[in-house]
Structure formats: structure tokens, C-alpha cells
Amino acid sequence: MKKQLDELRVNGRSHELAIEPSKRLLDALRQDLDLTGAKRGCDDSSGGACTVLVDGTPMLSCTLLAASCEGQDITTVEGVSQHGSLAAIQKAYGDWGGSQCGYCTPGFMMTVKHLMSENPNPTDNEIRQALSSNLCRCTGYTQMYQAIKAAIEAEQKGMAMSK
């Protein structure tokens, strides 16, 4: 299949890639840009391990064509850190043991990042609803929810301190 030249803006940097029109965003990220945070969990949009943000909206990169993302801002878990430091959600996952094997963790983090940007003080039910499209096969989710609540608290404290 003939490749086409596309420009993808990922984690604040532009990348010009020669990719096949049928190439999925997940494959372009992992194979062409060596950004391996997003994982292939299903190929049918039922797992969430491949979640990235496209113009701030969570999208499942295993079913999204890379070429369709030209001109949009793509954020992967590698782009979540802030000024070389872990973001609140990354730190909280480590502190609270929010992941077991870690395979699904990047997808959860991207979904939580979106939730926190849309709703800085979500209820427990809103957190559960936001995460309903992400699956973890290792855990009972309790530690994940603790980590998410800790990240939300840290973000709120950070916002209060910066005022």
C-alpha cells in the first residue's frame, strides 16, 4: 500500500511521517515514534489500554486512523509529566499501588487526566463513570480509585497554592 506524508503533533512536537492511509494511530505512535505507553489490548475499542487524548478528548488509538489525526494535538502518557516531574496522577499511581501489572495504566491515566480537566472535583460516581470504558484484568480497582482521589486532592492543593 502506498504511503502518504502526514504531520502528527504528539506531546507538543510535530512529526512528519510517511505512513499508510490504513495505519492506526496506536501503531504510528508505537512503531514510528517509539512512544510505547499506549498498549494494544483489544483492537475493537473494548479495553481502553490504548487511550490517548486527541485535542483533549480521550480516544481509543487502536481503532483510530493516524492520518485522521493530522492537525490535531495528540497527548500520550509520555506527555503527561510536567516540567520533567511526574504529574499528580502518575505520582499517585506509584504511591498508592494503583496498577498491578501496569498494562492498562497508561489508558487509565489518560482518562483520568481528561476527567480532571473537565471536572476538578468529581464525585466517586463520576470517577467510576469516567473509567467505565477502561478495563483492568488484574485488580479490583480499589487501589486505582485511591490513587485517583489522591491525585485529585494533590491537584486541588496545587491550584489553591498557586492562587
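This is a predicted model: local features need pLDDT of at least 70, side-chain atom pairs count only at pLDDT 80 or more; totals for chains, interfaces and linings use all residues.
Colleague: Which members of the largest nonpolar core touch the most other members?

Modeller: Tyr93 is one of them, along with Ile89, Phe108, Ile127, Leu131 and Ile148. The core holds 25 residues. Helices α2 (88-96), α3 and α5 (142-162) each supply at least two of its residues. α5 gives the most, with seven.

Colleague: What does the second core include?

Modeller: That core is separate and has 19 residues, including Leu8, Leu26, Ala38 and Val52.

Colleague: How do you know that cysteine 104 is in no disulfide?

Modeller: A disulfide needs two cysteine sulfur atoms within 2.5 Å. The structure holds zero of them. For cysteine 104, the nearest cysteine sulfur is that of cysteine 136, 3.7 Å away. Cysteine 136 is likewise in no disulfide, and its nearest cysteine sulfur is that of cysteine 104.

Colleague: Why are cysteine 104 and cysteine 136 called buried?

Modeller: Buried means under 20% relative accessible area. Cysteine 104 has 9%, so the word applies. Cysteine 136 has 10%, and therefore counts as buried too.

Colleague: How do you know that the span of helix α3 agrees with what it should be?

Modeller: α3 runs over residues 105-118, which is 14 residues. The rule takes 1.5 Å times one less than the number of residues. That should give 20 Å. The end C-alpha atoms are 20 Å apart, so the two values agree.

Colleague: What makes α3 mostly covered?

Modeller: Eleven of its 14 residues are buried. They are Thr105, Pro106, Gly107, Phe108, Met109, Met110, Thr111, Val112, His114, Leu115 and Met116. Each of these falls under the 20% cut-off, because that is what buried means.

Colleague: Which helices line the largest pocket?

Modeller: α2, α3 and α5 each supply at least two lining residues. α3 has the largest share, three residues. The lining has eleven residues, and Gln82, Lys113, Met116, Ser117 and Glu155 lie nearest the centre. What makes a residue part of a lining is an atom within 4 Å of a pocket point. The volume is about 180 Å³.

Colleague: Which residues of helix α1 are buried, and what do they pack against?

Modeller: In α1 (residues 25-32), the buried ones are Leu25, Leu26, Asp27, Ala28 and Leu29. They pack against β1 (4-10), β3 (51-54) and β5 (73-75). Just after α1, aspartate 34 takes a positive phi of about 55°.

Colleague: Why is aspartate 43 called partly exposed?

Modeller: Its relative accessible area is 32%. Buried would need under 20%, and exposed over 50%. The value falls in between, so partly exposed is the term.

Colleague: Where is aspartate 43, and which residues is it in contact with beyond four places in sequence?

Modeller: Aspartate 43 sits in the loop between α1 and β3. Its contacts are Arg24, Cys62 and Thr63. Serine 61 is 18 residues from aspartate 43 in sequence, and 8.9 Å from it in space, C-alpha to C-alpha.

Terms used
Residues are numbered from 1 along each chain as its sequence is written. Side-chain values use heavy atoms; hydrogens and water are left out. Buried means under 20% relative accessible area, exposed over 50%, partly exposed in between (1.4 Å probe, protein chains only). A nonpolar core is a set of buried Ala, Val, Leu, Ile, Met, Phe, Trp, Tyr and Cys residues joined through side-chain atoms within 4.5 Å. On a 1 Å grid over the protein atoms alone, a cavity is a set of points where a 1.4 Å probe fits but cannot get out, and a pocket is an open set with protein on both sides within 12 Å along at least five of seven lines; lining residues have an atom within 4 Å of a point. Grid points are joined across faces, edges and corners, and a volume is the space filled by probe spheres set on the points. Contact means heavy atoms within 4.5 Å.
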